[in-house]
Each structure stands twice: as structure tokens, then as C-alpha cells.
Amino acid sequence: MAYRSLNPFTEQTTATYAEHTDDEVEAALAKADDLFRSDWSQGDIAPRLAVLGSLSGLLTDHKDALARTMAEEMGKPLAQGQGEIELCAGIAAYYAENAASFLQPRVLDSELGEAWTEFHPVGVLLAVEPWNFPIYQLIRVVAPAIAVGNPVMFKHASIVPRCAEMFEDLCRQAGAPGGCVTNLRVSSDKVAELIGDDRIQGVALTGSEGAGSKVASRASEMLKKSTLELGGSDVFVVLDDADIETAVAAGVEGRLANAGQVCTGSKRFIVQEAVAEAFINGFVDGMKGAAIGDPLDEDTVLGPLSSQEALETLVAQVDEAVRKGARVLTGGKRCDRTGFFYEPTVLTDISRDNPAYYREFFGPVAQVFVVADDDEVVTQANDSHFGLGGSIFSGDTDRARKLASRIQTGMVFINTTTTSMPELPFGGIKRSGFGRELGDVGIKEFVNRKLVVISSA
Ligand code: NAP
């Protein structure tokens with residue numbers, strides 16, 4: 001796709017960007033590979049952690065400018081963008097403070113003699129990232145990579161080129177040497193070519209199943225490790241002992257944040273019969289009442305979708321769902337105004353043979369299912385091709401804890417919507433991908449866990 005900056009609120013294009021030429025990409029890769037072979041990557045961790053510390057401060061200093069750019073390029077309401085940057089600063093600070101301990105050699109008990117595992121960088125990583133969290137998606141890969149010593153070349157989504165440039169620039173200002181973090185504007189074909197280059201030693205992709213499948217198969221073909229953070233259709237479970245007011249507020253927030261374009265957004269609402277009427281009435285009212293408007297306006301809750309294509313996809317998905325029998329409790333169409341806005345929508349009566357049942361709706365569209373008991377919650381929750389996150393609302397945390405263990409997904413949150421924190425490993429199972437980012441687990445995805453043994457014989 002062509003790289004361009006188009007404001008989804010005004011529908012006006014503000015800038016277009018040329019792709020990097022083959023020569024530019026080759027020079028960037030050579031520089032990254034040189035850096036990998038230098039003291040920067042192979043030597044003491046302290047200078048790398050100092051860069052992360054500075055990057056954390058710079059992200060905080062540039063919070064407003066970054067949030068404004070995200071609003072202008074992909075429509076994220078300002079306050080939500082500011083929250084994203086605070087999280088990013090936290091992730092950089094978290095690895096600055098903890099990476100040295102995570103990467104300490106681990107002593108192993110062995111009959112052979114003294115044995116331990118060391119953690120070493122593997123080489124240049126290629127990151128392919130989506131637009132929905134334009135800075136957070138980058139820092140999830142870049143911060144641990146800097147700590148480990150792996151240079152990163154990232155191909156960001158073509159609709160957020162200014163965000164990509166700003167991030168690369170902040171890394172440079174933080175002291176990252178040339179080749180450490182490189183923004184590439186390249187095509188999918190070029191990504192496939194780069195994965196075939198021996199200097200690239202790992203591939204991290206966050207995005208759709210289609211892109212994940214293409215990139216991971218290419219990585220497998222070239223015998224490269226990959227991690228995939230893909231889509232989700234997270235459950236939002238309301239048990240019959242839940243505080244309904246709390247659940248309603250969380251449900252509306254969980255479905256409307258970032259205009260519903262969150263991989264871990266609350267998408268399938270599974271509500272027990274005893275509280276179904278109360279929850280659904282409150283939820284529909286909350287969705288209807290959300291303030292829709294300019295993402296730069298601080299009162300806006302629901303901004304536009306990120307692009308014309310995103311809007312057209314959602315319109316087609318909901319129209320098809322309704323044709324196949326879904327009932328619309330509120331919303332169900334594009335907003336009658338300039339900008340790529342879609343009405344907050346609640347659908348019910350979605351049968352298993354309705355294509356909507358197994359699909360991810362990447363926009364402000366909720367699916368509601370009513371079930372009788374805890375076993376039915378589990379059956380309904382697990383009847384999905386995805387397995388990313390999910391949440392359970394209940395007044396009885398022991399009961400919720402038991403249910404959490406039975407839900408087949410990478411993450412479950414009790415009495416809060418799925419969220420992300422620097423210290424919590426993030427990722428899914430099934431068609432939501434493989435591998436984890438963040439926490440102590442995420443930093444070990446692209447390391448050489450080198451075993452060293454001294455024979456006692
Ligand atoms: P997408 O179309 O897959 O795009 C993601 C990135 O992949 C973009 O940089 C895109 O470049 C690139 N890409 C697309 N096709 C490619 C190919 N064949 N080869 C190489 N690169 C390719 O995803 P999206 O629709 O923008 O993002 C939304 C999806 O991401 C949703 O399914 C969402 O749930 C998922 N997501 C998952 C997570 C998670 O952590 N699990 C987080 C956020 C989003 P262009 O922009 O140039 O096409």
C-alpha cells in the first residue's frame with residue numbers, strides 16, 4: 001500500500017511518502033548488521049539500558065505531540081493517545097530497570113558438571129507492525145531488543161508514516177546508534193525478500209491473520225524464528241453475581257476504546273440469563289450515549305475508524321451479519337457525517353452458521369450472547385477460532401478464577417477489561433498467534449539461550 005498521511009476525521013490527505021529504494025534498504029541493513037557485530041550489541045548492557053532510560057523520558061516529554069499525530073493519522077481520541085504514550089514510556093523504563101536481571105545467566109543442576117545458560121543477541125530483527133497503537137506496537141518489540149542488543153528494522157503500517165518517523169527520531173535522540181532502530185517504508189514483497197536475507201535473524205509481526213500467515217510462512221521457509229500477535233474476538237463475561245453498573249461501564253469502554261480497533265477489545269459479550277436484561281439495557285444505553293466527534297476534542301470517546309477501507313469492511317460485515325439473521329439492538333450503519341465514523345452497534349441473535357459468529361469485528365460493534373450457567377459460559381467462550389484475551393465480571397473471585405482456568409485464551413482478566421502493562425506477558429493461542437511480548441517472557445523471544453558446560457570428569 002502507498003505510504004500516506006490521511007486524516008480520518010476530515011478525510012483529507014496531508015502528506016504522501018515515497019518507499020525507500022533498494023539501495024537505501026541495503027545500506028540500512030548493512031548498518032544494522034555492523035552494529036550487531038560491534039561492542040554495542042556484544043558488549044556491556046549498561047549503555048543500551050541508558051538509551052532506554054532516555055527514551056522513556058523523551059516519550060513522556062513528547063506525549064502531547066505524539067498523541068496529536070496519532071489522532072491526525074489514524075483517529076485515536078487525544079486522551080487515549082496520551083494514555084498509550086504513558087504506557088510506552090513505562091515499557092521503556094521497565095526494561096531499563098529490569099533487563100539486566102532478566103538476562104543474568106541461569107545456573108543449571110547437571111550431573112556433567114558446572115552448567116549455565118547465557119542470553120545473547122541473535123542479530124537484526126524485522127518487525128512488521130499495525131497502525132492501531134502506532135507507538136505501543138513499536139516499543140513492545142524495540143525496547144526488549146535494545147536491551148538484548150538486537151538491532152530492529154521496522155516496517156510500520158502505511159497509514160501512519162509520520163508516527164513511524166517520530167518514533168525513529170526519538171530513538172536517535174535517546175542515543176540509539178545508527179542501525180539500532182530503523183524505519184523502513186517498504187512493500188510486502190520487500191518484506192519477503194528481507195526475511196530471506198541471512199542478516200535478518202528474527203521476525204515479529206502484529207496484524208491480521210492474512211499478513212501473519214504470509215510472513216510466518218516465509219520465515220519458516222527461510223528457517224527464521226517468528227512471533228505473531230494477531231486478531232482476537234475476546235469474551236466479556238457477565239456472571240449473575242456481577243455488579244451490573246461496573247460491568248456496563250467497563251463493557252462500553254472495552255468495546256469503544258480506539259473506535260473498537262483493539263485486538264483485545266471486548267467483542268463477544270456472554271451474559272448470564274439472570275442479569276441479561278439489566279446488563280443489555282444498560283449496555284445499549286451506554287453505547288448510544290457515547291460522545292462521537294473530533295479525536296482532537298478532549299471530550300470525544302468515539303473517534304472515526306482509521307481509514308475508508310476499515311469503514312467499508314465493517315459496513316460489509318455488519319450488513320452480512322444482519323442478512324444472515326442477526327438483530328440490531330442499536331446502531332448498524334455508518335454515521336451520517338464527514339469522517340470514517342461508524343455508529344456504536346450492538347448485535348444479538350447471531351447463530352453459529354452466521355459468518356459473523358467466528359469473525360473479528362474491528363470497530364465499535366458488540367455481539368451479545370445470553371447463556372444459562374457457568375458451563376455454557378465456557379462452551380460459548382471456547383467456540384472461537386481466536387484465543388487472545390478475555391474478561392470475567394463477577395462478585396465471587398473464586399468462581400471467576402475457576403472459570404478463567406477453563407477459558408482457552410492467552411490472557412484472562414477478572415473484573416477489568418483486557419489491558420496491557422509492561423510487566424504482563426501479552427499474547428495468544430489458536431489463530432491469535434504465538435509467542436509473547438512484554439514482561440520477562442517477552443525479552444527472551446529473540447535471544448540465544450546459550451548453554452555452557454564445564455565437565456567435572
Ligand atoms: P494488517 O493489514 O495485517 O497490517 C499489519 C502490518 O502488516 C502492516 O504494516 C501491513 O502493511 C503489513 N502487511 C500486510 N500484509 C503484509 C504482507 N503480505 N507481507 C508483509 N507485511 C504485510 O493488519 P491491520 O488490519 O492493519 O491490523 C489489524 C489487525 O491486527 C487486527 O486483526 C488486530 O486484531 C490485529 N492486532 C493484533 C494485536 C496483538 O497484539 N495480537 C495488536 C494489534 C492489532 P501495510 O499497512 O503497508 O499494508
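The model is predicted, so to speak from the start: local features need pLDDT of at least 70, side-chain atom pairs count only at pLDDT 80 or more, and totals for chains, interfaces and linings use all residues. Residues are numbered from 1 along each chain as its sequence is written, and side-chain values use heavy atoms, with hydrogens and water left out.

**Exercise 1.** Work out how the protein is divided and how far apart the parts sit.

*Solution.* Start with the bounds, which come from an automatic or database domain assignment: domain 1 covers 3-230 + 432-455, and domain 2 covers 234-422. Next, take the centres over C-alpha atoms; they are 30 Å apart. Then count the contact (heavy atoms within 4.5 Å): domain 1 puts in 31 residues and domain 2 puts in 32.

**Exercise 2.** Find the area buried between the domains and who supplies it on the domain 1 side.

*Solution.* Buried area is the accessible area (1.4 Å probe) that two parts lose on being put together, summed over both. That comes to about 2,500 Å², with carbon and sulfur atoms giving 59%. Now look at domain 1: Phe-9, Glu-11 and Ser-432 supply 24% of what this domain buries against domain 2, more than any other three residues.
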